[in-house]
Amino acid sequence: MKILDCSVAGGVATITDSNGVEIAVPDAVLQCAGVFKSKGKLIVSDSGAVYIVDTQPDLQFLLDEVKAIADQVGKMSLIPVSRTPDQSPLAPDVTVAIEVIKAKLDAKELI
Amino acid sequence: MRVSADLENGYKFNIQEQDLAYLPDGFKSYLTPDAGGVIFKSQAILSDLLVIGQPFCNVAGVLIPAVKTYTPKTKFIGLYDHKVTTSAEFGSLISIADATRPRSYQWIKSTGKTFYANHIPQLFQGFNGSIISGLDGTFDWKSKTFAGVIYAGVKN
C-alpha cells in the first residue's frame with residue numbers, strides 16, 4: 001500500500017512522480033464531490049486507489065457560510081415584520097440563540 | 001543451482017560455486033540480487049505502483065499499459081494481472097499465452113518420487129492436466145538437468 005500526495009481538479013485525481021511529471025489517475029475513487037479543486041492523499045492498495053480530500057479548508061469554508069447565515073437570521077429577528085396567518089413569527093429569543101450558535105462555531109465546538 | 005518458483009513470487013535462484021564454471025553469461029546477465037538469492041531482472045525492475053494507462057513493461061517490443069491504479073501484492077502477480085510472466089528460459093517478459101505453449105525440445109519425466117527435466121520448468125505451462133504452479137529443486141548447468149518437485153495447480 002502507498003499513500004501519495006494528490007490533487008483533484010475537474011473530478012480527476014493527479015499525482016506527481018519523482019521527476020515532477022503530473023500523472024492523471026482517472027480510476028481513483030474520490031471520497032469527495034470533486035467539483036472544486038482540492039488537495040489530499042491518494043491511498044493505493046492492491047485493490048485500487050482512493051482519494052481522501054483534506055477536509056480542513058472545506059470545513060472552514062462551511063463554517064464561514066453557516067456563520068454568515070446566522071448573521072442574516074439574527075438581523076431578520078430584529079426587523080419588525082407584519083405578522084400574517086401564513087408566516088410563523090420568529091421565536092422571541094432567536095437572537096440570543098443565534099449568538100450562542102455562532103460562538104460555538106467560532107470555538108469549533110460543533111465539529 | 002537451486003531453483004524455486006511459485007505463482008505469487010516467480011522464480012528465485014541460489015547459485016553455488018560449482019555452477020559458475022557452466023552457468024552461461026547470458027543467463028547470469030538476466031539476474032539481479034533479491035532477498036535470499038537472485039531473481040530475474042525483468043521482474044525486479046517493475047514499479048510496485050501501477051497507474052492506469054501508464055505503460056509499465058515491455059513484452060517483445062510492445063509496451064503494456066496498466067489496467068488499473070493499484071499496488072499489486074507482488075510484482076509477479078502484477079505481471080499476471082496483465083497476462084504477462086517471466087520466461088524461465090530467457091529471463092525476459094513473455095505473454096502467459098507464450099509461457100503455456102509447449103516446446104517440442106523440452107521434456108519432463110518422473111520417477112514417481114522425483115521430477116526430472118531438461119530445462120527449468122516454466123510456470124503456467126500445461127502439466128498433468130493442469131499448469132505448473134510451483135517447483136523446488138536444483139538445476140545442474142553441466143548436464144542441464146532439473147531435479148526436484150514440480151507442483152501442478154491452478155492460479156487462485
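Chain B exposes about 7900 Å², and carbon and sulfur atoms supply 55% of that area; accessible areas come from the Shrake-Rupley method with a 1.4 Å probe, and for residues only the protein chains shown count as cover. A word on conventions: this is a predicted model, in which local features need pLDDT of at least 70, side-chain atom pairs count only at pLDDT 80 or more, and totals for chains, interfaces and linings use all residues. Residues are numbered from 1 along each chain as its sequence is written, chains are lettered from A and ligands numbered from 1 in the order in which they are written, and side-chain values use heavy atoms, with hydrogens and water left out.

Next, the overall dimensions. The C-alpha trace of chain B spans about 45 × 35 × 25 Å along its principal axes.

Of the 156 residues in chain B, 46% are buried, meaning under 20% relative accessible area with a 1.4 Å probe, protein chains only.

The largest nonpolar core has 27 residues, and Tyr11(B), Phe13(B), Phe27(B) and Ile120(B) have the most contacts inside it. Such a core is a set of buried Ala, Val, Leu, Ile, Met, Phe, Trp, Tyr and Cys residues joined through side-chain atoms within 4.5 Å. E12(B) gives the largest share of this core, 4 residues; strands are DSSP runs (E, at least two residues), numbered from the N terminus. Apart from this core lies another, of 14 residues, including Ile23(A), Ala28(A), Tyr51(A) and Leu49(B).

Finally, the secondary structure of chain B comprises 4 helices and 13 strands, helices being DSSP runs (H or I) of at least four residues.

Note on methods
Buried means under 20% relative accessible area, exposed over 50%, partly exposed in between (1.4 Å probe, protein chains only).
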